[in-house]
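Subject: The structure for you to look at

Hi there,

Here is the structure I promised to pass on. Please open it alongside this note, and my findings come after it.

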Amino acid sequence: MISRRNFITAGVAALPALAGMPRWLHAADRAARIGADDAARLLQLSHTHTGERLAVEYFAAGHYHHEALSEVDRFLRDFRTGAVHRIDPSLLDILHQLRAATGATEPFEVISGYRSPRTNAMLRARGGGGVASNSLHMQGKAIDIRLPGVSLKDLRDAALDLKRGGVGYYPASQFVHVDTGRVRRW
């Protein structure tokens, strides 16, 4: 059995190690609470392919704002075909939590949101891997992102820590994939 004195001494000794932990670890508890309250949720997005930017409050007073969700749907459309699809609000909550967990201030850079079946088939035919035949992008439940000011590794680790869905790490292509599917990683 550990004495109280040894327990306190061990805790104090661990403090320097905690100071060197990534910034997102310190905010993980705060981010985990987001989504369980009625506080306003804001997203800032910048699309790498279209050059468009969006800042939108999509949730407040315990409710999702349908007009704001429609703006997000249009923003995250398949930029190749123009097809628009409903985006899962839980995906937006994941982004909101990632922003809080990382302490980021810049908009998310969006590489890919919704993908039409036609676009998904074209990307699969090109090869190179990473494009599933039943991709959650085609259901509006996945997004490929990066976050300026946050290393790709830290963004991936923060997403994994949320345990809210799938997390794919693509350092060569410089993005992290997050989705609202089952919890898994690749």
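First, the ground rules. This is a predicted model, in which local features need pLDDT of at least 70 and side-chain atom pairs count only at pLDDT 80 or more, while totals for chains, interfaces and linings use all residues. Residues are numbered from 1 along each chain as its sequence is written, and side-chain values use heavy atoms, with hydrogens and water left out.

The whole chain

The chain has six helices and eight strands. Here helices (H or I, at least four residues) and strands (E, at least two) are DSSP runs, numbered from the N terminus. Read from the N terminus, the order of elements is α-α-β-β-β-α-α-β-α-β-α-β-β-β. Of its 186 residues, 44% count as buried; buried means under 20% relative accessible area, exposed over 50%, and partly exposed in between (1.4 Å probe, protein chains only). The accessible surface comes to about 10,100 Å², and carbon and sulfur atoms own 54% of it. Those areas come from the Shrake-Rupley method with a 1.4 Å probe, and for residues only the protein chains shown count as cover. If you take the contacts between residues at least 6 apart in sequence, 57% join residues at least 24 apart. Contact means heavy atoms within 4.5 Å.

Have a look at α4 (residues 89–102) and α6 (residues 152–162), which pack at an angle of about 120° with their axes 10 Å apart. That makes α4 oblique to α6. Angles under 35 degrees count as roughly parallel, over 145 as roughly antiparallel, 65 to 115 as roughly perpendicular and the rest as oblique. The axes are lines fitted to C-alpha atoms, for helices over the stretch in contact, and angles run from 0 to 180 degrees between N-to-C directions.

Which residues of α4 and α6 make the contact? On α4 they are Ile94, Gln97, Leu98 and Thr102, and on α6 they are Leu155, Ala158, Ala159 and Leu162. By class, this contact has six nonpolar, two polar and no charged residues. For that count, Ala, Val, Leu, Ile, Met, Phe, Trp, Tyr, Cys and Pro are nonpolar, Asp, Glu, Lys and Arg are charged, and the others, Gly among them, are polar.

Two residues with positive phi

Lys163 sits in the loop between α6 and β6 (166–170). Its phi is positive, about 55°, although Lys163 is not a glycine. Lys163 is exposed, at 57% relative accessible area. Its C-alpha atom is separated by 9.0 Å from that of Arg182, 19 residues apart along the chain.

Ala61, in the loop between β2 (53–60) and β3 (63–64), also has a positive phi, of about 50°, without being a glycine. With a relative accessibility of 58%, Ala61 counts as exposed.

Setting aside neighbours within four places in sequence, its contacts include Glu109, Arg115, His137 and His177.

Tyr170 lies in strand β6. Beyond neighbours within four places in sequence, Tyr170 is in contact with Gly130, Leu152, Phe175, His177 and Trp186. The C-alpha atoms of Tyr170 and Trp186 are 8.9 Å apart.

Finally, His49 is in the loop between β1 (41–47) and β2 and counts as partly exposed, at 44% relative accessibility. Not counting residues up to four places away in sequence, His49 touches Phe79 and Ile111. His49 and Ile111 are 62 residues apart in sequence, yet 7.0 Å apart from C-alpha to C-alpha.

Best wishes
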